[in-house]
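Below are some notes on how a few secondary-structure elements pack in this model. Please read them with the structure open.

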Amino acid sequence: MTTTGDPLTTTLLFTNVFRIGALAAVGALTLTGCFSSGAADDTADRARVAMLQPPRSGLSQFSDDAFKLSRWSTAETLVTLDDLGDAEPALATAWNRVDDRTWSFDLRPDVRFHNGAPLDSAAVVTALTAATTAAPKPRILDGVELTVTATDDDTVEVSTADIDPLVPQRLSSPQLAILAPAAYSAGGSDPVGTGTGPFVLTAVNGTSSATLDRNEDYWGEPAKLAGIDVDFVPDGTARAAALRNGTADVVEAIPVSQAANIDQSLVHEVPMPRTNTLYLNTSSGVFADPAMRAAARESVDKDRLVEQVYEGRADAANGLLGPALPWAADRPARTETPAGDATGKKITLATFTDRAELPEVAVLLQQELEAKGFEVEQVVREYQFIETDALSGAFDAFILSRATVLDSGDPVAYMYSDFACEGSFNISQFCDPQVDTALADASATEPGDDRRAAILAAEKLILEKDAAVPMLHERVIQGESEGLTGVARDPRERTLITNQTAFE
């Protein structure tokens, strides 16, 4: 995939060089064709953003494209999440639980969509109902039957078929952003000019670029920037070069291999809720023996993997949940199974090529397992050609980079999927009634400290069984130009440019 944009004008290039400094002038002409110039005249007060992935679904909020709308601060939700994952007011100012299956939300007064329409209960009903009837349904609503009704002009009730203590957290998902009713008039959703955020999406150029201008009538504090000019740049080397050359102000996901070539004052590492994990087949083969799973655990040199594959830009794992969830550091102590003698035990170790680091991890991990006595055969394919075998238990061990917090900001769904007897992504073929009970208890617990403690109790049981060996927690490397402040560094990748982002 490639991305193009309008060439920068001579005036804009001069402005950029003046703002970024002499360093920006070196090589800037080689990349100007990749970045759009923006629609507004006040180019000196506009942030140029280079994003990793182009829209895959026409910026439909019901797809993963919704996270772009959130990161640009153009589409907003009823609720947001704090650092712990607890719900906070956004377009809804307050909520309460009416009964086990019903929640009431009070809407913020005096909010208008970018097209001038008022935010009222009818608009919220239209938006959330469109989400429930979308095909495919937004991921946050998988397995959830949700209905929305207007109580009065300023209040809505949200009901679920099953008891769900995470309803407010679900409504924080960018896939459930509230757009103006006009956004849904032709089916799907159209975010251009229909959000409520501090920036108005004014134009989208296919999979190449997007333009946003400041919302002068924002219900909160107005944005400090005049606007945002976005280019979609899938090539990591090009994104890194854009930051070095001053043709982008904010750059998503700089590859580890490129980070060392950039002024380190412009590079910021953000811990991700993503864990590089070794899944062990607990139902058949060598790792059906708990002592052999313990031997595999003892084989893994986490610090070596971090240093040699990730160049120190990752965190050695002490559990399934990493530093992106700071409360996970309070996990209880574990009782580890003693390791057995692995000499001569033959295993298959598999992974996929789609994430460049994983085959490198497999090479080092094979060395470590063989040093323990295992005889290792590697299987490496593209993900689309290996997933079915992995899920069916065809391998003894599988290396996977796995997101541990899904759309609700809560890890229970991930843990159930991967480690429950009926889990849909149970690569370890793991089934333990005690773990199932712990996951059910965590799922039924109200959000807050008690739920977090229940999650860590379930994690303890999973890890004591060595169903999986968490190896490292990944970070995303974000680039920000000199003099730019207020850019969000969000582990959940929901926010990026905010109303506080500004040039000094």
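1. Helix 12 and helix 14 are roughly parallel to each other, since their angle falls under 35 degrees. The axes of helix 12 (residues 412–419) and helix 14 (residues 449–464) come within 11 Å and cross at roughly 25°. Axes here are lines fitted to C-alpha atoms, for helices over the stretch in contact, with angles from 0 to 180 degrees between N-to-C directions. Helices (H or I, at least four residues) and strands (E, at least two) are DSSP runs, numbered from the N terminus.

2. The crossing of helix 12 past helix 14 is left-handed (the near helix is turned anticlockwise from the far one by less than a right angle). Helix 12 contributes Val412, Met415 and Phe419 to the contact, and helix 14 contributes Arg451, Ile455, Ala458, Glu459 and Ile462 (contact means heavy atoms within 4.5 Å). Six of these residues are nonpolar, none polar and two charged, with Ala, Val, Ile, Met and Phe among those counted as nonpolar, and Glu and Arg among the charged.

3. The model is predicted: local features need pLDDT of at least 70 and side-chain atom pairs pLDDT 80 or more, while totals for chains, interfaces and linings use all residues. Residues are numbered from 1 along each chain as its sequence is written, and side-chain values use heavy atoms, leaving out hydrogens and water.

4. Elsewhere, four strands form an open antiparallel sheet in the order 4-5-7-6. Strand 4 (92–99) and strand 6 (146–152) are its edges, each pairing on one side only (pairing requires at least two DSSP bridges). The twist averages 25° from one strand to the next.

5. Strand 6 and strand 7 (residues 155–160) are joined by six bridges. Thr149 sits opposite Glu157 of strand 7.

6. Helix 4 (residues 121–133) lies across strand 5 (102–107), strand 6 and strand 7, at about 175° to strand 6.

Note on methods:
Angles under 35 degrees count as roughly parallel, over 145 as roughly antiparallel, 65 to 115 as roughly perpendicular and the rest as oblique.
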